[in-house]
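Biologist: Can you put the model up and walk me through the parts worth a look?
Modeller: Here is the model.

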Amino acid sequence: MTRTEKLLAELIALPSVNPAFLPPRHPNAGEKRVADFLAATAAQAGLEVEFQNVLVLADGHHRCNLIARLRPRNITKRTILLAPHLDTVGADETKFIPHRKNGRLYGRGACDTKGSVAAMLTALCELANSKSRPLETEILFAGLVDEENAQAGSRALVAQTSRLCGATEKSTHRRDACATILAIVGEPTKLQVVTAHKGSLWLQLATRGKAAHGATPQLGKNAVHEMARVVEILETDYAAQLRKRKHKLLGAATVNVGKISGGTQPNIVPDRCTIEIDRRTLPAETEAGVRREIAALLQAKKLAAKISSATLAPALPLETSSKLPLIRKFLRSTNQTRPAGVDYFCDAAVLSAGGIPSVVFGPGDIAQAHTADEWISLAALERGKNLLLNFLKSLS
Ligand SMILES: [Zn+2]
């Protein structure tokens with residue numbers, strides 16, 4: 001059994017379900033067990049360890065990002081962040097017992113994203129004990145909390161980047177500092193270097209009518225009927241308009257009407273109807289722009305609906321230039337000629353919006369994430385660790 005596999009099996013056996021998916025004080029909730037275990041592993045390999053307070057749980061426990069640092073041999077000129085998340089979605093108890101079968105390791109978090117956690121931390125621990133430690137590049141492992149819910153971990157990391165990164169300590173210009181940073185966010189990308197993903201924007205649309213007795217509908221105005229026409233336009237004309245808007249790594253933007261509610265009972269003309277839509281956005285699309293184009297389309301069809309946000313914070317799209325020197329080096333080091341794009345949202349967008357150029361990379365396939373029999377290929381896991389280790393060794 002390799003060190004990476006052993007670590008991954010140990011991590012699966014320590015439940016770290018995002019507390020948002022469990023009742024308060026559930027024993028499987030929170031990232032603390034995993035963070036403490038990783039901190040001990042990192043300290044044993046000689047890394048400097050610190051915890052970064054992010055959130056407080058109902059029982060008073062803190063949810064903390066774990067930061068493990070490998071300083072370069074000389075002064076720090078640049079920083080590489082290895083940033084996987086520590087939380088998982090929920091599962092029944094049997095999924096926290098790792099088991100191996102046909103070259104795969106099964107268990108909750110195997111690919112999303114404890115596989116990346118194991119590959120990244122093992123690579124860093126091996127680097128710490130090798131002769132090829134970088135001279136001027138500092139490596140930070142940042143085990144982040146709360147990716148599966150509200151990304152509080154990556155938001156807190158961004159807020160403290162300048163304190164954390166050696167390269168930015170004396171810099172007064174944020175942009176200068178960031179040119180020397182790269183974050184590799186761990187998610188199952190089948191070991192592809194991903195520079196782009198879509199965002200997700202949830203909007204609510206509401207139509208207003210006029211209530212009346214069901215026996216005299218002509219005296220009212222039916223908000224459900226109005227909304228039925230709005231839904232039709234969104235699913236046909238608007239969807240067609242979006243299919244024409246293509247990104248070279250991500251394909252087209254999409255819209256889905258996912259929820260509808262309106263009316264109270266059959267004999268009352270409904271005065272209000274609402275829908276919630278999920279609009280998957282391409283890089284450069286903004287919430288204001290999306291709202292404007294939907295409003296314009298409805299207006300052209302003589303329909304009226306009030307548009308508002310259905311979430312506190314939209315999931316932003318990601319687009320990082322593959323021309324940045326560290327990213328070109330990472331692509332070369334992993335034998336890839338061009339970067340890839342993925343459909344799903346992750347912490348990379350939060351870090352990127354906070355000024356840290358970010359890519360997504362990790363072993364495993366997102367097709368197995370959040371599934372009942374989540375697994376990872378052990379060969380891919382080891383290859384991921386080796387690709388990361390070789391890249392880190394190649395840094396000056
Ligand atoms: Zn994930």
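Modeller: Helices (H or I, at least four residues) and strands (E, at least two) are DSSP runs, numbered from the N terminus. Helix α2 is followed by Gly-46, which has a positive phi near 90°. This is a predicted model: local features need pLDDT of at least 70, side-chain atom pairs count only at pLDDT 80 or more, and totals for chains, interfaces and linings use all residues. Residues are numbered from 1 along each chain as its sequence is written.

Biologist: How many residues does α2 have, and how far does it reach?
Modeller: α2 covers residues 32-44, 13 residues, and spans 18 Å from its first C-alpha to its last, close to the 18 Å expected. The expected span is 1.5 Å times one less than the number of residues.

Biologist: Which residues of α2 are buried?
Modeller: Val-34, Ala-35, Leu-38, Thr-41 and Ala-42. They lie on the same side of α2 because they cover an arc of only 125° around the axis, the arc being that of the directions from the helix axis to the C-beta atoms. Buried means 20 or more other C-beta atoms within 10 Å of the residue's own, exposed means 12 or fewer, and partly exposed is in between, with C-beta atoms placed from the backbone.

Biologist: And which are exposed on the other side of α2?
Modeller: Ala-40, Ala-43 and Gln-44.

Biologist: What covers the buried residues?
Modeller: The cover includes α1 (3-12), β1 (48-56), β2 (62-70), α3 (114-128) and β6 (137-143).

Biologist: Which residues does Leu-121 touch?
Modeller: Leaving out residues up to four places away in sequence, Leu-121 touches Leu-7, Leu-38, Thr-41, Ala-42 and Phe-141. Contact means C-beta atoms, placed from the backbone, within 7 Å.

Biologist: New topic. Is β3 buried or exposed?
Modeller: Seven of the seven residues of β3 (residues 78-84) are buried, so the strand is largely enclosed by the rest of the structure. Arg-78, Ile-80, Leu-82 and Pro-84 are on one side, with Thr-79, Leu-81 and Ala-83 on the other.

Biologist: Why two sets?
Modeller: In a regular strand the side chains alternate between the two faces of the sheet.

Biologist: Which strands pair with β3?
Modeller: β6 runs parallel to β3 and is joined to it by five bridges, with Arg-78 opposite Thr-137. Strand β7 (residues 181-186) also pairs with β3 in the parallel sense, over six bridges, and there Pro-84 stands opposite Gly-186. Pairing requires at least two bridges found by DSSP.

Key. Contact = placed C-beta atoms within 7 Å.
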